Amino acid sequence: MSDQTQWNDVTMPQLAESLVSATIAKWLKQPGDTVEQFEPICEVITDKVNAEIPSTLDGIMGDLLAEEGQTVAVGELICRIQTKSAAPTASTGGAAPAASASQGNVQAQSQQSAGSDQSMRGRFSPAVQTLAAEHNVDLSRVPGTGMGGRITRKDVLNFVQQGGSTPTGVTDQTTGTTQGQGSPFAGIQQSAAQHSAPVQNMDPTIPVRNSGIHLTEAPKVPMIEVEGNNNNRSEYFIDVTPIRSAIARNMRQSVSEIPHAWTTIEVDVTNLVMLRNKIKNEFKQKEGINITYLAFLMKAVVNAIKEYPIMNSVWAVDKIIIKRDINISLAVGTEDSVLTPVIKKADQKNIAGLAREIDDLARKTREGTLKLDDMQGGTFTVNNTGSFGSILSYPVINYPQAAILTFESIVKRPVVIDDMIAVRSMANLCLSLDHRILDGVICGRFLQRVKENLEGYTLDTKLY
């Protein structure tokens, strides 16, 4: 006799405290596929960032109760998983072998497609990363049998059983580095470095744009879907994505609820330009990343917020809440959206630390690997509008924060110094403020402090 079939319901989890729903972007598993615990079964789109939903048990994927593109409330069913213990045994007659053969065909097709499609080769679930760290496995050497060449927990375990783990203290011949016990994530870090290698190995004759945090590679061309086959149409339609819908909702809420005011100030950043030109090559060799003007600006802003903590606040109707932690939201633009990942406790980081955080968040944004935690807790927003040549802008406040600051393009202009004309590198700082909380006097003083901090950089300024 066979065991009674047991189905386990999978519901939309509470991905974040403020989220009440999410949209199914893509199913990573189809009915009949084998599912391992902690293995991602689908990708979802939230108001803040894309995320993956992992399986909570081992089994066989059953019915998909939510379609791709469907918005599902927290707690609603999205699929069912059949546990392995409830699967029919070989003694149940002809049905079990047929099912087994069907599952085998599905797995074979999956492995065959994985061999040709490697689009998800560089994406690792938290469970895979943890397992690789425990066994000191270099994920770049593990063959992936999941969708798009993705590596599963089973792939890592099979690799370990075959003796594929890297012994402690063994020198990697491809990189010349020693993977010791003090760096359990060496394999993961190496894989990430290899994943970003195409950007670093571009044609040296092509200049790399590094004036902005998200302009270190050629921008992608956005996909436009045209409805209908009539070529004589005078218009075409683009579907509104969940992220674009969330941006529209948040911007409308910000403009309708917050009385915006704005002010701008001019800053002489000549010394900063000289400082960056002096240390950028050495910093790139030491850290492996570019140091941008944004890291210096952010340090200047954080130090100014320490003196004027009211800038780090939110409106709460009958009170103003001042946040103790200075968490800087960083506006990063992609081809179809603007996201604001957060640098937590930015006041506790030096310039080099801020540069690493900026590079890491910008890379995650481009690759679509931001986590929900990366998007939460921001208290003040900084935007580098100068990266695409803007010299003056009126930014919309990142609700519910009290202010947002934009760093405009650095341009050489003639200025008067001691009744003499000199050519200096100048930039504008534009501040939008919540006029319920902030007034012109406090914001003017704040901007003056930021200006003094930026103009106070010298060739002897320390990054660490």
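Asn383 stands opposite Thr406 in E18. In this predicted model, the parallel pairing of E17 and E18 extends over three bridges, whereas the pairing between E18 and strand E20, which spans residues 420–434, is antiparallel and extends over five bridges. Within the latter pairing, Ala403 is placed opposite Leu433 in E20.

Strand E18 is mostly covered, five of its five residues being buried. The side chains of a regular strand alternate between the two faces of the sheet. In E18, Ala403, Leu405 and Phe407 point one way, while Ile404 and Thr406 point the other way, and all of these residues are buried.

The loop between strand E17 (380–383) and strand E18 (403–407) contains Leu392. Because its relative accessibility is 48%, Leu392 is classed as partly exposed, the range for this class lying between the limit for buried residues, under 20%, and that for exposed residues, over 50%. Together with Trp262, Ile391 and Tyr394, Leu392 forms a nonpolar patch on the surface, and the four residues have about 420 Å² of accessible area together.

In helix H3, which comprises residues 153–161, the buried residues are Asp155, Val156 and Phe159. These residues cover an arc of only 100 degrees around the axis and therefore lie on the same side of H3. An α-helix has 3.6 residues a turn, so residues three or four places apart point the same way. Helix H3 is followed by Gly163, for which phi is positive, near 80 degrees.

Definitions and conventions:
Residues are numbered from 1 along each chain as its sequence is written. This is a predicted model: local features need pLDDT of at least 70, side-chain atom pairs count only at pLDDT 80 or more; totals for chains, interfaces and linings use all residues. Side-chain values use heavy atoms; hydrogens and water are left out. Buried means under 20% relative accessible area, exposed over 50%, partly exposed in between (1.4 Å probe, protein chains only). Helices (H or I, at least four residues) and strands (E, at least two) are DSSP runs, numbered from the N terminus. The arc is that of the directions from the helix axis to the C-beta atoms. Patches are made of residues with over 30% relative accessible area and no salt bridge: like charges are joined within 9 Å, nonpolar side chains (Val, Leu, Ile, Met, Phe, Trp, Tyr) within 5 Å. Accessible areas come from the Shrake-Rupley method with a 1.4 Å probe; for residues, only the protein chains shown count as cover. A salt bridge is a side-chain nitrogen of Lys or Arg within 4 Å of a carboxyl oxygen of Asp or Glu. Two strands pair if DSSP finds at least two bridges between them.
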